[in-house]
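Let's take a walk through this one together, piece by piece. Have the viewer open and follow along.

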Amino acid sequence: MTDTAPDLDRLRGAAPPRNHDARTIAALTSNPGCARRGVMDAAGVDKDAVARELGFPAPFGQSQFAITRGNAFEAQVKADGCAELLTLLRDRLGLDVPEVAYDDLEVVAGNEGRELRHSRTRRLLGRALETGEGTLFDHPLLRLEIAGRPAYLEPDVIAFQLAGRLHVVEIKSFAVVDGQAEPEQVAAAARQSAVYVLALRRLVTELGHDPGRVSHEVFLVCPENFSNRPSATPLDVRPQLAVLERQLARLTRVDAILAELPADLTFEPGEALAESVRAVEARYAPECMAGCEMALFCRDEARACGETGALGRSVRDDLGGVDTIGTALGLADGSLTPSDDLAETAEQLRAAARLRAEALSGALSGALSGAA
Ligand code: SF4
């Protein structure tokens, strides 16, 4: 536990903490400057529940049908100690998988406590690296330092040991048709797998081994040609790993964010919830709509304040230092006098306004002469 833990527990209130998963970490690193998301995730706050309580339910989520289908496919691949998975790895990928042992790390002697599950994961993976014992480790509970604080990571994957190296096996329910899958879905799976590879590498390093013993090659298992027949594809996640490590290093430290917040702040449901959420600075951009449960609330807030970020991250970056659309318009038409640090931006805005006016008047006179 760290010193910030009591503050984070208070923020969450009576609700139990939610574990991170690869999707939440991939989304967190896609907006590293957002203190609101950083602190809510660090505290294990159920953002989906908070967004619903605020009247802005998350704009995405899998349908019940897709969830049921995905669960059924995963159960099929893992049935009988992962019999289908082993057939795939041996016959389709030609891997020389010797005698197999399967360990499910989801529950330890009826206990689902995170500490216990994590220490069992460490013990079994440590033994596998030392002695080569064990082949398939299902639901390992990993830990990864996020913004200066360790976060539990609940991977829905299997760690597969082959010839002294660990590979991540990720089971997804999207179809591979004629050897091709939706590029966006494959890219998302690669980003998520990279999170697991990184967390496994950190664990392997803590255990005193070479992190290179966790392979950058993961195995993606998907249904083939709209059937339930699984197919396996090796995926190199080195590019995603490089991006992930860079973005994790850019996250603002949670203790620095907490130091700026009111001492009694909490995200407990109730009348003060919206005010509490607004007390933590956000950095909304339209990209949030695809990855953060709070997106509709933050978009509403950003629009109400006229934030430049509501128009897109590139607009905010281009207007560096100009926080609102009103200020940008005022600088462009000269009704606002810029401070010294905004003089150059103001000059560019005035030039853009001039060009726009010239283009519009040119188009108008062209239309009038054409009509005459
Ligand atoms: S939706 Fe809001 S909380 Fe989530 S990342 Fe975007 S700005 Fe941050």
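A quick word on burial before we start: buried means under 20% relative accessible area, exposed means over 50%, and partly exposed is anything in between, using a 1.4 Å probe and protein chains only. Keep in mind that this is a predicted model, where local features need pLDDT of at least 70, side-chain atom pairs count only at pLDDT 80 or more, and totals for chains, interfaces and linings use all residues. Residues are numbered from 1 along each chain as its sequence is written, and side-chain values use heavy atoms, with hydrogens and water left out.

Start with the overall layout.

Now go to the ligand. Residues count as near it if one of their heavy atoms lies within 4 Å, and those around it include N31, C34, R36, R283, Y284, C288, C292 and C298. Helices here are DSSP runs of H or I with at least four residues, strands are runs of E with at least two, and both are numbered from the N terminus. On that basis, α3 (35–42) and α11 (295–305) each supply at least two residues of the shell.

Stay on α11, where you'll find E301. E301 is buried, at 13% relative accessible area. Its side chain makes a 3.0 Å polar contact with that of R36; a polar contact is a pair of N or O atoms within 3.5 Å, and within protein one must be able to donate a hydrogen and the other to accept it, while residues adjacent in sequence count only if both atoms are side-chain atoms. Leaving aside residues up to four places away in sequence, E301 touches R36, R278 and A282, with contact meaning heavy atoms within 4.5 Å.

Next, look at α2 (residues 22–30). Because 7 of its 9 residues are buried, this helix is largely enclosed by the rest of the structure. Those buried residues are A22, T24, I25, A26, A27, L28 and T29, and they pack against α3, β3 (142–146), β4 (149–153), α7 (183–206) and α8 (238–250).
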